[in-house]
Amino acid sequence: YYKMASRLDRLLLLLDTGSSQSTRRAAAEQLGEVQKLHPHELQTLLAKVLVYLRSDSWDTRIAAGYAIEAIVKQVPSWEPAKPQSKDDESIAKVQSEARLEGRMGFSSFNITRVLKQGTTLLGSAGDEYDIEPNSDIMHLSQSERAARQRKLLQKRLGLDGPSGLGFDKDLFEDDDLVLVREPPVLKPSGGQQHTSVADLVSMELGGGKGLSAREKNRARRKAKKAAKNQMKEVLSTSSSLGSQENIGESDGNSAKRPRTSSVLVPQGGSSDHMLVDAVADVTATFEEAVEWPFEFFCDELCNDLFNPKWTIRHGAAIGLREVLKIHARGAGKTVETPVEQMEMCNFQWLEDVALRLLCVFALDRFGDYLSDEVVAPVREMCAQTLGVVVKHMVKVQVLAVLNVLLTLQAEEQWQVRYGGLLGSKYLLAVRQDMTAEMLPLLLSSVKQGLGDLVDDVRAVAATSLLPVTDKLILLLPQELPSLLSLLWDTLVELDDLTASTNGVMSLLASLYSCSNVLELTAAQTSGPYSLAQLVPRLWPFLGHTIMSVRQATIRTLDSLLACPSGGPGGWLSQIFQEMLQHLYQRLVLEPKQGLRELVLEAWIKLMHQLDVKELDTSTDGCLGMWFSLAVYPANVPIDSSLLALARHKCAIQDRVTAKGQLQPLVGDSELRLGGVSAVVDDEAAIVQTRLSCAKYCRLS
């Protein structure tokens, strides 16, 4: 038993200290095997993994999510037993109604009140920078304490280098570090007061109405029962899983030994012997349960969704997602629930969780800007969890969720609009059976998001339509012209640094992959929205730093080449030579072999669009330059005069000096054959690039 406990401790430790993601994943899978062998220890195992879900380390929280997934896979789907008599049914009905009183519902929920009165959820509450009352520096004088606290803050803020990088005087003064106990200040009754999330949830549970004496007594009994269960949980988690008492050794006052079943365990090596081992009977263990096995665990996670620390909120959303992916159908059910109310209790539980997730969308403001676009890990994970929840909801509930999301998308704070669109993205992806009902309600809001002044909102608005582009074309063909015009106009304002470039280009490529959109585009033969005017807007994105953007741009060009008006005398004749040059240039500079193959496919399709005479006229002045680029020395910067470098509109405006001259762009002199870096000598990539260029010239 002690060996098993030691092994469990090592597995749990690997979730935090594993040297690689595969090691952590393997430890998580092994924890699932522990649950399989000891199903009666589910609550203890979940409590131990919960500690790692609250870790400050991203990798640890992800590994804990894998562990939760592996554990819940070993738990059978739970369905409560039916009441045995009519008296049991009547008692169960009263108890079921009491349980439903503690859940939020759409009928009494008001997201506007949450937005106005709720306290925003940031990265943390800031208490990690406070002086602890029992700290060893409290006995020092005020000046000495301020000096020590200054050094501590410099270290935590990363300013403990030479001279504090010169920022310490500007960030805080000694007066800011003095611990002052201020008396509570009463706010005027007429002013706006921010309410904690817990209080808001309590207000929503009560629906703004007072409780009767009977309801108060019932709530008091329920609170006592919850406190007793929580104390039992704390006592059980404090003991080791491998201890003799937990495994099944019991005295006269302990619980009965769990039922076991015999299994055959094959022995390693070449031995043909089988070992008969006794493990706990999983079915018998959970048949004896009186409520959903994950009830207490999910309640803890729902409370963590509103923790001031973003890492705890993030871990809570991960845990909820993994549990509900498999066991959402059993949530909220108990043996006390009447048969006719089983589904209602389940839907009410899911409704409550969905509303809590929507509250996180409304109040969470944490975002990470370390990458090329905003990363909102809490809202992203809550959106994924919401997608899991709505998968098991009825249509009325899904539409109620959609109405709340539409309210969020109309708010002034861009973080709230971002969260609303993020939830809509997963709602459309998961409930595609309701696309006909949801898309007409959402499209107007998504269009406003595409024209939003905040680039991160534009990014999530574009990606929200990707799962349903084919149905959008069939259901709302009248909306396509305005949507396409909006996307083409957005391209003018984008560059290599904007976050929405990838989403907008991917949506454009997805729309033009449909023949109906090509026919609609072919009707525009002149004017600002003809293809001869629109396609050149794609040239700057052929050299984008993100591979997925370059891939989407090539896919868009490949789809447009199938447009009916692209033959002789059509739009393609006006930009044919320009397109030839940019496609060949992409071959020369592209570091990815897969994208070079896509360019060659587009090139072949381009050759079939024009007759031989027009093709010869277009390539006469280009072949010499193409051969020069194909044999250009490796690892030597290419002369920019040989390249037609397209620029974004905003980049050109930024480079114009006061005298009207164009400044040289940083990076033009660093372009090399095959996209090879100056510090990396990739001979294979250079050879493949030369072969692709030769094939390109031969096809010409």
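Buried means under 20% relative accessible area. Keep that cut-off at hand for this tour of a predicted model.

Stop 1: Select Cys302. Its relative accessibility is 4%, so Cys302 counts as buried. A disulfide needs a pair of cysteine sulfur atoms within 2.5 Å. By this rule the count is zero disulfides. Move on to Cys514. At 22% relative accessible area, Cys514 is partly exposed.

**Stop 2: the helix pair.** Select residues 435–450, helix α19, and residues 455–464, helix α20. Their axes are 7 Å apart and the packing angle is about 140 degrees. The two helices are therefore oblique to each other. Look at the handedness: α19 passes α20 in a left-handed crossing. Show the side chains at the contact. From α19, pick Val446, Gly449 and Leu450. From α20, pick Val457, Arg458, Ala461, Ala462 and Ser464. Colour by type, and this contact divides into five nonpolar residues, two polar and one charged.

**Stop 3: the loop.** Go to the loop between α19 and α20 and select Asp452. Is Asp452 buried or exposed? Its relative accessible area is 11%, so Asp452 is buried. Which residues does Asp452 contact, leaving aside neighbours within four places in sequence? They are Arg417, Val457 and Arg458. Val457 and Arg458 also belong to the α20 side of the helix contact. Finish on Arg417. Arg417 and Asp452 are 35 residues apart in sequence, and their C-alpha atoms are 9.8 Å apart in space.

Definitions and conventions: Residues are numbered from 1 along each chain as its sequence is written. This is a predicted model: local features need pLDDT of at least 70, side-chain atom pairs count only at pLDDT 80 or more; totals for chains, interfaces and linings use all residues. Side-chain values use heavy atoms; hydrogens and water are left out. Axes are lines fitted to C-alpha atoms, for helices over the stretch in contact, and angles run from 0 to 180 degrees between N-to-C directions. Helices (H or I, at least four residues) and strands (E, at least two) are DSSP runs, numbered from the N terminus. Angles under 35 degrees count as roughly parallel, over 145 as roughly antiparallel, 65 to 115 as roughly perpendicular and the rest as oblique. A crossing is left-handed if the near helix is turned anticlockwise from the far one by less than a right angle, and right-handed if clockwise. Contact means heavy atoms within 4.5 Å. Ala, Val, Leu, Ile, Met, Phe, Trp, Tyr, Cys and Pro count as nonpolar, Asp, Glu, Lys and Arg as charged, and the others, Gly among them, as polar. Buried means under 20% relative accessible area, exposed over 50%, partly exposed in between (1.4 Å probe, protein chains only).
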